Amino acid sequence: MNSTIGDRVKDLREFRDLTQEELADRAGVHVDTIRKLEQNKRQSARISTLRALARALDVQLERLVGQATVTQELSDDGGLIALRDAIQDIGALPGVPPVGDLEDPPSEDEWVSGVTAATGLYWSGDYSSLSGTLPLLLRDGRAVARQAPTPRVWGQLGLAYQLAACLSAQAGHTDWAYTAVEKQLAAAERASDPLLAGMGVSTLSWVLLRQGRWEQAQDIAARKAEDLEPGFLRATGPQLAVYGNLLTAAATPAARRDAHDDAMTLLRAAEAAAVRSGPVRAYGTAFSVVDVRTQKVNVSLAGTEPQPAAALRFARKVDLKSISRPVHSAAHRVDVAQAQYQTGDSEAALETLLEVEAAQPEWIRFQALATATVREMRETERRRNPKLRGLAARLGVEPAL
C-alpha cells in the first residue's frame, strides 16, 4: 500500500525527534490535526496547513504530499536522469579532464530551432517528450557554444537551461533546478544580456519558492525588478515583460508569507507594465494583462488565511481564451478549482479539475495543489462519487479508509 500523508508526517517527525506537540508548535497548527493525520483518520488538510507542516519538518511540500517525480513515459534518448546528468556536467568542473565531442554538433540555426521547439513542449505540458529531447539539446548547445561562442548562441543556451530548471522543479528536483539556473545566469553573462539575467532571477525565485525559501524568493525578484525597472516612455516590450515577470515572481512568496498587501501592490505595478507593453512573447515566456490577473487569483489563495471568494472574483476578470500557454491555463484552472472547493462548491471544483485533466493528463500529476484538493474532496465526500474516485486513483491519491 502506498504511504499516506500521515505516514510521511509521522516518519519525518520521528526522524526529526519531535513530539506531536512540538511539531504543532513549530508549524503553528493544532495538535489534533497532526494526530488525526498520523492515525489516518484524516487523509489530508488545507494546502496552507500542509505547507506549514512541510516547513516545520524541513522538507519540500512535494515530498510531504507524495508528488510524482518521474515522467510517465520512458525515452531511449533521454529522461529525467539523463537531464540531471546534462545539467550536472561533470566535464565542466575545474580539474576534470574534458571529454571530446563524440560527433559533430548541429548547425547553429538547427540547434536554435530545437530550443524553440523544446520551449513549445514545456508550455504545452508534454514533459515526457521534453525530458527525452532536452538532455541532448543541452549537450549539443554546449558543443555549439564552443565552436561559435556568439551572444546569440549563449543567449539560446541560457534559455535551454531555463527550460531545464523549470522541468526539474516541476518534477520535484529543485536541487537540479538550482544548478540549471546557475548555468542560465552564467550564459546570460556570456551573452551580455541583462534581460536574460532578469529571467534567470525570475526562474530562481520560483525555484526558491518551491524549496520553501519564501523570503529569499521575494527579495531577489523584487530587487532585480528594481534594478531593471524601465522608463515607461522608452521601454521596449521585452524590457517590460521581464520587469513584469519579476514583479509577479515576487508577489507569490509575499502572499505565502501573509504579506497580501505587498503582493497586490507588486501585481498592480505588473499590470500597469502589461497594459503599457501589450502581449509579449520573449525569453521563453509570455507576459500580458491576463497573465497578471491569473496571478491575482493565485495569491488570493496563498498564506495562512486564504481568500477563496476574492480569488473567484478575480477569476471572473480572466478571459481564458486570452491565455496563450496551455500549461498556464491549466494552472489557473487548478487555482479556480481550489477556490470553488473552499467556498463549498465541490461539484464545480471536480468538473474544473476533470477539464484540466482532460487537457493536461500528464501535467496535472505534478501539481501538489491539484493533488491536495482532490485528497481533501475525497476525504469529505458525503456519497460515493465515481468521477471523484476515478480522478483520485489516476492522481495516485490514497482513498480514505
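Q: Which residues form the nonpolar patch on the surface?
A: I90, L93 and V96 form it. Together they have about 270 Å² of accessible area. Keep in mind that this is a predicted model.

Q: Where does L93 lie?
A: L93 is in the loop between α6 (80–87) and α7 (108–124).

Q: And how does L93 count, by accessibility?
A: L93 counts as partly exposed, because its relative accessibility is 48%. The cut-off for exposed is over 50%.

Q: OK, salt bridges. How many does the structure hold?
A: It holds 16 salt bridges.

Q: Which partner does D89 have?
A: D89 pairs with R142. Their closest N and O atoms are 3.2 Å apart.

Q: What does that pair tie together?
A: D89 lies in the loop between α6 and α7, and R142 lies in helix α8, so the pair ties together parts that are 53 residues apart in sequence.

Q: Are D89 and R142 buried or exposed?
A: Both D89 and R142 are buried.

Q: What about R325, which residue does it bridge to?
A: R325 forms a salt bridge with D291. Here the closest N and O atoms are 2.8 Å apart. R325 sits in the loop between α16 (308–315) and α17 (326–342), and D291 sits in helix α15 (residues 289–300), so this pair links parts 34 residues apart in sequence.

Q: Buried or exposed, those two?
A: R325 is buried, with a relative accessible area of 7%. D291 is buried too, at 9%.

Q: Which residues do shared partners join into a network?
A: Salt bridges that share partners join E21, D32 and R35 into one network.

Q: What does R84 pair with?
A: R84 forms a salt bridge with D85, and the closest N and O atoms are 2.9 Å apart. R84 is partly exposed, with a relative accessible area of 29%. D85 is partly exposed as well, at 40% relative accessibility.

Q: Let's go inside. Which residues touch the most other members of the largest nonpolar core?
A: L134 and L138 do, in a core of 125 residues. Helix α9 (residues 151–170) gives the largest share of this core, 12 residues.

Q: What is L134 in contact with, leaving aside neighbours within four places in sequence?
A: L134 is in contact with L83, A160, L163, A164 and L167. Another core, of 6 residues, lies apart from the largest one. Among its residues are V297, L301, A315 and A339.

Q: Where is D258 found?
A: D258 is in the loop between α13 (237–256) and α14 (260–277). D258 counts as partly exposed, because its relative accessibility is 36%.

Q: And what is the phi of Y283?
A: Y283 has a positive phi of about 55°, although it is not a glycine. Y283 lies in the loop between β1 (280–282) and β2 (285–287).

Q: Zoom out. How many helices and strands are there?
A: The protein has 20 helices and 2 strands. Its radius of gyration is 21 Å, close to the 21 Å that the globule rule gives for 401 residues, so it is as compact as a globular protein of that length.

Q: How many of the residues count as buried?
A: Of the 401 residues, 57% count as buried.

Terms used:
Residues numbered from 1 in each chain as written. Predicted model: local features only at pLDDT ≥ 70, side-chain atom pairs only at ≥ 80, totals over all residues. Heavy atoms only, no water. Core = buried A, V, L, I, M, F, W, Y, C linked by side-chain atoms within 4.5 Å. Buried < 20%, exposed > 50% of the residue type's maximum accessible area, 1.4 Å probe, protein only. Helix = DSSP H or I, 4+ residues; strand = E, 2+ residues; numbered from the N terminus. Contact = heavy atoms within 4.5 Å. Patch = residues over 30% accessible without salt bridge, like charges linked within 9 Å, V, L, I, M, F, W, Y side chains within 5 Å. Areas by Shrake-Rupley, 256 points an atom, 1.4 Å probe, with all protein chains shown as cover. Salt bridge = Lys/Arg side-chain N within 4 Å of Asp/Glu carboxyl O. Rg over C-alpha atoms; globule rule 2.2 N^0.38 Å.
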